[in-house]
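Thanks for coming, everyone. Please look at the screen, and we will go through this one piece by piece.

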Amino acid sequence: MASNLTFSFETYLVGGAVRDQLLNLPIIDRDWVVVGANYAQMLEHGFKSVGKDFPVFLHPDTHEEYALARQERKTGKGYHGFSVIADGTVSLEEDLSRRDLTINAIAKACDGRLIDPYNGIDDLNARVLRHVSIAFKEDPVRVLRLARFYARLYDFGFKIATETKQLISEMIAQGELNYLSPERIWIELSKALNGAHPDQFIACLRELGALKIILPEVDALFGIPQRPEYHPEIDSGLHTLMVMRQAALLNADADTLFACLCHDLGKATTPTHILPKHTQHESRGAVLAKKLAQRLKIPNDTQTLAIKVAKYHLYFHTLNQLRAVTILKLLLSLDALRRPLVLDQFILACIADERGRLCFEDREILQGEFLKECLIALKGIDAKQLLLTVDPAKIPEIIHLERLKKIKNVIKDYTWS
């Protein structure tokens with residue numbers, strides 16, 4: 001057990017900790033199920049109640065989560081449409097039956113025995129993601145979780161069971177995914193963006209037919225052609241996945257990954273008659289990125305970065321052709337002087353965009369270094385000294401001219417090859 005605290009209830013390690021242990025992956029969190037106890041008894045033994053919707057407690061010594069074995073009954077639509085039974089009479093097998101995937105429905109007793117009533121170990125060995133029961137279709141969040149597990153275990157070669165795909169098709173046809181709350185979508189999406197293969201999360205949702213419901217702006221990119229001399233991969237949706245992959249390889253944070261996801265949304269609304277060109281897709285994309293972020297109630301900083309990357313990423317790719325005044329406008333628009341981290345995120349997203357093309361994956365990119373040199377030059381301006389030498393009313397104009405001078409010097413001295 002996890003502690004020297006003793007009591008008569010049966011406790012089992014469950015879920016991800018058991019799964020990851022069997023896959024020889026590091027165990028991040030350990031969750032326990034308690035069989036044969038009720039709410040009052042848990043409190044009597046010193047556990048602290050922390051569950052808002054379910055009977056979950058913190059162990060008094062280890063602070064690990066212990067949940068009463070429970071059953072759920074569908075009472076309405078969506079994630080919250082359930083009633084919970086957790087009165088001490090629920091068995092371990094009944095508790096495991098409500099879990100999403102068989103590989104997450106394995107328990108481990110304190111003596112090391114594995115309890116596997118739904119053949120999760122067989123599915124682990126066969127690299128199959130399979131729903132435990134028909135109850136899977138009662139909770140639309142499980143579709144997002146399935147895609148997240150697919151992405152997380154992508155390097156292991158897991159595939160989704162045919163019958164699970166069929167069940168999800170039924171859920172989509174019945175409109176169950178329409179009841180996903182924006183907040184819940186963002187929770188699962190942000191977790192996926194923090195993973196090693198965020199691109200596969202999106203690819204999985206599309207394969208399941210769920211992307212068009214959850215992220216229709218992204219789904220619309222697939223099938224949209226691009227100019228082959230710049231994008232040998234042709235397809236705009238495939239390019240977006242490749243950009244996300246490159247960003248993940250660069251260890252980009254979730255905010256930057258979200259910006260990569262949204263950077264080319266405007267290409268889905270390009271007038272048909274100008275395809276495969278995408279004139280002004282940046283401004284259209286910024287509008288779509290804002291609408292998507294607001295719909296999902298995404299944090300302001302994340303939203304702002306996505307909009308700026310969508311709007312200005314072509315500036316990055318053509319920096320060696322831009323005038324000093326345009327480069328200054330870019331840096332000020334990014335608020336780089338006050339928020340250098342945003343500039344770092346912008347650069348990372350744009351590098352991923354540059355490399356996220358077929359045969360461009362190893363391309364050397366100097367634009368980021370150039371922008372950072374420009375920022376260093378701008379920070380070297382002593383505004384206080386200027387105040388002592390010129391009319392205060394002229395300070396904004398003088399600073400603007402000094403900034404242009406600094407950037408021109410960087411342009412003159414910078415070597416692009």
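W32 stands opposite Y66 in strand β5. This is a predicted model, where local features need pLDDT of at least 70 and side-chain atom pairs count only at pLDDT 80 or more, while totals for chains, interfaces and linings use all residues. Residues are numbered from 1 along each chain as its sequence is written, and side-chain values use heavy atoms, with hydrogens and water left out.

Some terms before we go on. Helices (H or I, at least four residues) and strands (E, at least two) are DSSP runs, numbered from the N terminus. Two strands pair if DSSP finds at least two bridges between them.

Back to β5. Strand β2, residues 31–35, and strand β5, residues 65–68, run parallel and are joined by 4 bridges. F57 stands opposite Y66 in β5. V56 stands opposite A67 in β5. The hairpin of β4 and β5 has 6 residues between the strands, and there H63 takes a positive phi near 65 degrees.

Now the general rule for pairing. Strands of a sheet pair through backbone hydrogen bonds, either parallel or antiparallel.

Where do these strands sit in the order of the sheet? The sheet is open, has 7 strands and reads β3-β4-β5-β2-β1-β8-β9, with mixed pairing. Its edge strands are β3 (48–49) and β9 (114–115), and each pairs on one side only.

Let us stop at A67. A67 lies in strand β5. Is A67 buried or exposed? Its relative accessible area is 13%, so A67 is buried. The cut-offs: buried means under 20% relative accessible area, exposed means over 50%, and partly exposed is in between, using a 1.4 Å probe and protein chains only.

Which residues does A67 touch? Leaving out residues up to four places away in sequence, A67 touches W32, V33, V34, P55 and V56. Contact here means heavy atoms within 4.5 Å. A67 and V35 are 32 residues apart in sequence, and 9.0 Å apart in space, C-alpha to C-alpha.

Next, a loop. T102 lies between α3 (92–97) and β8 (107–109). T102 counts as buried because its relative accessibility is 2%. Setting aside neighbours within four places in sequence, T102 is in contact with Y118, G120, D123, R130, H131 and V132.

On to the helices. Helix α7 (residues 182–193) packs with helix α12 (residues 254–262) at an angle of about 100 degrees, and their axes are 9 Å apart. Axes are lines fitted to C-alpha atoms, for helices over the stretch in contact, and angles run from 0 to 180 degrees between N-to-C directions. Angles under 35 degrees count as roughly parallel, over 145 as roughly antiparallel, 65 to 115 as roughly perpendicular, and the rest as oblique. So α7 and α12 are roughly perpendicular to each other.

Which residues meet there? From α7 we have W186, L189, S190 and L193; from α12 we have A254, L257 and F258. By class, the residues of this α7 and α12 contact are 6 nonpolar, 1 polar and no charged. For those classes, Ala, Val, Leu, Ile, Met, Phe, Trp, Tyr, Cys and Pro count as nonpolar, Asp, Glu, Lys and Arg as charged, and the others, Gly among them, as polar.

Keep an eye on F258. The largest nonpolar core has 107 residues, and F258 and L371 touch the most other members. A second, separate core has 13 residues, including Y12, V14, V33 and I115. A nonpolar core is a set of buried Ala, Val, Leu, Ile, Met, Phe, Trp, Tyr and Cys residues joined through side-chain atoms within 4.5 Å.

Now helix α8, residues 198–208. It is mostly covered, with 8 of its 11 residues buried. Among them are F201, I202 and L205. Just after α8, G209 takes a positive phi of about 85 degrees.

α8 packs with helix α11 (residues 236–249) at about 150 degrees, with axes 7 Å apart. Therefore α8 and α11 are roughly antiparallel to each other. P198, D199, I202 and A203 in α8 meet L241, M244, R245 and A248 in α11. That α8 and α11 contact has 6 nonpolar, no polar and 2 charged residues.

Last, the whole chain. It holds 19 helices and 11 strands. Of its 417 residues, 49% are buried.
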